[in-house]
Amino acid sequence: MPLYDRIIPYLETADLYHLARLKLGLPIDGEPISGCLTEFENLMENTRPAWVWFHELFGELPPQSKVKQMTVCYTWFHERFRVLPADASEETVRIYARAYILMLLSSRLFADKNTNWVHLRWLPYLASLDDLGRYSWDSAALAWLYICLCRGTNRNITNLVGPLQLLQSWIFWRFPTLRPSRFDGFGFPLASRWATYLPRNDAGDQRVVSARLSLDRLRVHDFVWEPYSSTEVVAVIHPEILVDEHHPWIHQRYRTNNLCSI
């Protein structure tokens, strides 16, 4: 789904623009994100059914063939909101921005194995685009990644889902032996260092064997314990992140190591 220039201001207000560029850099401060997954349709604002609210936010309803319980087929969203009319009104732009953000949250930040379906759990947040930026998307993404990693330890699980760009960045910053070559330059967000990394599909098995061998031979000095403490890294971190205003006791170590990892 194209990222139109008129949609970008809404993504910037929501602090999700870096995510759209696959660079993450999500806010760690803000209100917690919670969603109701049980009796979802009865827990909307003023107890309105979810599909009534969907119609109000997007101006129409998807065909029944594109609906499964509280989800909408991803392809319907992509085809319906793929082309923003050149003469679109501001209200139409807001609808397209909601669709883009909904797909972004479902497919990138909180992806699950239902990759072809977009869940409506995000409607309460999309109702007010101006308020999206006050939530701690980073904390929610990290929590979701932990849940996905825990599920991945089940011997019956063969595929890992979740915000894997975050996991990839964490691995590459801390394990130099697993890091791809020719990615020495970096900026902010720090995860943007690997934004253009695309491994070859035809060498997957070889990479797995090589990674396992590297881990088997891992020594203490092969792990970077504080990758963000160098002056080069601190020099590119956005000044607002270094402001000690909310959590002074975690400012230098915890705050930098967690937020800047994405």
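Trainee: In this predicted model, which residue of E2 is the bridge partner of Lys68?

Mentor: Two bridges join strand E1 to strand E2, residues 71-73, and the two strands run antiparallel. For Lys68, the bridge partner in E2 is Thr71.

Trainee: In what order do the strands of the sheet lie?

Mentor: The sheet is open, with three strands and antiparallel pairing. Its edge strands are E1 (67-68) and E3 (117-119), each of which pairs on one side only. The order is therefore E1-E2-E3.

Trainee: What pattern of helices and strands does the protein follow along the sequence?

Mentor: The protein has eleven helices and three strands. Read along the sequence, the pattern is α-α-α-β-β-α-α-β-α-α-α-α-α-α.

Trainee: Which class, buried, partly exposed or exposed, does Gln69 belong to?

Mentor: Gln69 lies in the loop between E1 and E2. Its phi is near 55 degrees, a positive value in a residue other than glycine. Most residues other than glycine have a negative phi. The relative accessible area of Gln69 is 71%, and exposed means over 50%, so Gln69 is exposed.

Trainee: Arg182 also has a class of accessibility; which one is it?

Mentor: Arg182 is found in the loop between H8 and H9. Phi of Arg182 is near 65 degrees, which is a positive value in a residue other than glycine. Because its relative accessibility is 75%, and the cut-off for this class is over 50%, Arg182 counts as exposed.

Trainee: How many of the 20 residues of H5 are buried?

Mentor: At 1.5 Å a residue, the 20 residues of H5 should span 28 Å, and the end C-alpha atoms are 26 Å apart, which agrees. H5 is mostly covered. The number of its residues that are buried is 15.

Trainee: Which element gives the most to the largest nonpolar core?

Mentor: The largest nonpolar core has 48 residues, and those with the most contacts inside it are Phe58, Phe77 and Trp137. At least two residues of this core come from each of H1 (8-13), H3 (50-58), H4 (74-80), H5, H6 (123-126) and H7. With twelve residues, the element that gives the most to this core is H5.

Trainee: How far apart are the end C-alpha atoms of H7?

Mentor: H7 covers residues 137-152, 16 residues in number. Among the residues of H7, Trp137, Asp138, Ala140, Ala141, Leu142, Trp144, Leu145 and Cys148 are buried. At 1.5 Å a residue, H7 should span 22 Å, and this agrees with the distance between its end C-alpha atoms, which is 22 Å.

Trainee: What is the C-alpha to C-alpha distance between Ser128 and Leu57?

Mentor: Ser128 has its place in the loop between H6 and H7. It is partly exposed, because its relative accessible area of 26% falls between the cut-offs of 20% and 50%. Ser128 and Leu57 are 71 residues apart in sequence, and the distance in space is 9.7 Å.

Trainee: What distance separates the C-alpha atoms of Glu12 and Gly133?

Mentor: Glu12 is found in helix H1. With a relative accessible area of 45%, Glu12 is partly exposed. Glu12 and Gly133 are 121 residues apart along the chain, and their C-alpha atoms are separated by 8.2 Å.

Trainee: Which element supplies the largest share of the lining of the largest pocket?

Mentor: The largest pocket has a volume of about 1400 Å³. The elements that give two or more residues to its lining are H5 (90-109), H8 (164-174) and H9 (204-216). The largest share is eight residues, and the element that supplies it is H9.

Trainee: How many of the residues that line the largest pocket are charged?

Mentor: The largest pocket is lined by 36 residues, and Gln168, Phe172, Tyr197, Pro199 and Arg207 lie nearest its centre. The lining includes 20 nonpolar and twelve polar residues. The number of charged residues is four.

Trainee: What percentage of the residues of the protein count as buried?

Mentor: The protein has 262 residues. A residue counts as buried if its relative accessible area is under 20%. The percentage that count as buried is 40%.

Conventions:
Residues numbered from 1 in each chain as written. Predicted model: local features only at pLDDT ≥ 70, side-chain atom pairs only at ≥ 80, totals over all residues. Heavy atoms only, no water. Helix = DSSP H or I, 4+ residues; strand = E, 2+ residues; numbered from the N terminus. 1 Å grid on protein atoms, 1.4 Å probe; cavity = no way out; pocket = protein on both sides within 12 Å on 5 of 7 lines; lining within 4 Å. Points joined across faces, edges and corners; volume = space filled by probe spheres on them. Nonpolar A, V, L, I, M, F, W, Y, C, P; charged D, E, K, R; others polar. Expected span 1.5 Å × (residues − 1). Buried < 20%, exposed > 50% of the residue type's maximum accessible area, 1.4 Å probe, protein only. Core = buried A, V, L, I, M, F, W, Y, C linked by side-chain atoms within 4.5 Å.
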